[in-house]
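The points below may be read alongside the sequence and the coordinates on display.

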Amino acid sequence: MASAFWCIVEDDRAGRPKKVTGEVLGEGARLARQLGGQVEAVWLTDKATDEGLKQLAEWGAARVWLLENPALAPYRGEVWTPALAELAAAQTPQAIFGAVTARQRELLARLAARLGVGLAADSVAFSAQDGKLVATRPVYAGKLLSKVGWSKPPWLATLRPNVFRLEDPKTGAAPQIERPAVAISQGTMTLAERKEEASTGLPELTEADIVVSGGRGMKGPENFVILEELAKVVGAAVGASRAAVDAGWRPHRFQIGQTGRTISPKLYLGFGISGAIQHLAGMRTSKIIVAVNKDPEAPIFKVADFGIVGDLFEVVPLLTQEFKRLLEK
Amino acid sequence: MKILVPIKQVPDTATQVKIAADAKGIDTTGITWIVSPYDEYAVEEALRIKEKRGQGEVVAVTLGPERAKEALRSCLAMGADRALHLRDPAWENADSLTVARALAAAIKQEAPQLVLFGRQAIDDDMGAVPAQVADLLGWPCASWIMEETISEDGKSVRAGRQVEGALEIFTIPLPCVLSAQKGLNEPRYPTLKGIMGAKKKEIKDVKAADLGQTADGAQLFVVALEALPPRPPGRIVPGEPAEAVKELVRSLREDAKAI
């Protein structure tokens, strides 16, 4: 049997895989071609949908290992890990990849301990060296890149969202589904309550293609409304710097940076953000960076692709208008 | 209730880090060391649990070289009762799993009811050790917690973990592992009295053999540490705001194809 590159499915808790799973499958497929093997999906869920299974096949999964059991929702590491470890012991995949999400970053760490193998968390690139996998991961607040290798397979890694490309969809591909018999425990921790965050009507910060972000230069919580207006026009998420969060202007879950979220959007627009190392750690891998700041010496201009030296309170409304005009065309 | 808090000494974020001559690690000369910020949330939460219950013991533990004692001293100054310093040549090139195994062995000996970690250390940002320790011990765990309440009988904890778009609150039987996310609390500064008192508190050296650990070799190894590839130089879009904005949007659309 060809060696397998497994990708753990991240879903929306309603039976549909998230886009990041397409990214993980995409990278898995490219590495499988390079190193020999095929890419497969492993889905632990309480309820899969036909549409979701088809999606995995279209994203390139040659096979879908489906573990479907009510005890698998909500995610609990103590329940998922032994099930996945049992399947891995039986099937001996070459690699097991996950996405950097709340549950998978914990799951892959637990699994690495269970299997006694290495884990490269938050990887942003892979290469093959002498038939073995090497992962690249940002370290020291993104100031350096660490290239790491594994002593033995399976190679475990989590992949940063929005960094890896999806393969061209295999339209119409039918999933080959395996339902292995694996023991699922009931677990000891129980969900008491799930508190949904107040919906902003905007995309999730780590999943958004475009992120608009404000810092100390926003001057107060009331002014973030101009960023929200801009965000609505371009379909962006709104983030904030640590200065803005520590001042109490935005809840912590919107903080981008070393002590907040790490994002990698196609387009990042920072307003009134100086660009302290701690902020850069969270957005440095964005594809295009735009900075607007009054201070021409602000360090953010050193990493920005485009900058405007000016007053954000003038620039933001003009940008909103201009984007609106462009997108209405 | 006994609470164990594993911590790590890391370079201060603002410190310049330089790659060492062997290109596998950093040159540590001139570095300012701190307790990893997330670990401070863990220490603070442990102290609050002890204070609220009116009794208990908070034990800080780290694995690292001699200098890591300073980090333990900082935790003792905050109010931890005593500390363990895991230090042995066998752990010199430790990866996450080696550290997790050493910590799990120390935890078995100490038998705390709760182990509180920071969500990740801000040097290698791996964030794997808390969950790995939980798995090695066969304990449940909740990562990135934003709130917690220990039940009155001390048998379980209600902990809220941060997930995409929500807070999931679990009832977890003790013992368990929790990892702290920013927002859990605001860590205290050590008082002068705390700093003086810390000098008299015990820091026990623990060798690999004391924990029945051997140098089993890292599962993940560094091939090379590299500087970031330089970003292509950026462009300051000149002109009055209205002009600059028009040109910026055009560039984003036509040159960068970002929108």
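In which sense do strand β8 and strand β12 of chain B pair, and over how many bridges?

1. The model under review is predicted. In it, β8 (residues 114-118) and β12 (residues 176-180) of chain B run in the parallel sense, and 5 bridges join them. Within this region, B:Phe117 has B:Ser179 of β12(B) standing opposite.

2. Both strands belong to an open sheet of 10 strands with mixed pairing. The order across the sheet is β11(A)-β11(B)-β10(B)-β9(B)-β12(B)-β8(B)-β1(B)-β6(B)-β7(B)-β13(B). The edges are formed by β11 (190-196) of chain A and β13 (203-206) of chain B; each has a single partner strand, so one side of each lacks a neighbour in the sheet. On average, and with direction ignored, neighbouring strands of the sheet are turned by 30° against each other.

3. Contact between the two domains of chain A involves 7 residues of domain 1 and 10 residues of domain 2. On the domain 1 side, the residues touching domain 2 comprise 4 nonpolar, 2 polar and 1 charged.

4. Chain B is likewise assigned a domain 1, spanning 2-211, and a domain 2, spanning 230-259. For this chain, 45 Å lie between the domain centres, again taken over C-alpha atoms.

Terms used. Residues are numbered from 1 along each chain as its sequence is written. Chains are lettered from A and ligands numbered from 1 in the order in which they are written. This is a predicted model: local features need pLDDT of at least 70, side-chain atom pairs count only at pLDDT 80 or more; totals for chains, interfaces and linings use all residues. Ala, Val, Leu, Ile, Met, Phe, Trp, Tyr, Cys and Pro count as nonpolar, Asp, Glu, Lys and Arg as charged, and the others, Gly among them, as polar. Domain bounds come from an automatic or database domain assignment. Two strands pair if DSSP finds at least two bridges between them. Helices (H or I, at least four residues) and strands (E, at least two) are DSSP runs, numbered from the N terminus. Axes are lines fitted to C-alpha atoms, for helices over the stretch in contact, and angles run from 0 to 180 degrees between N-to-C directions.
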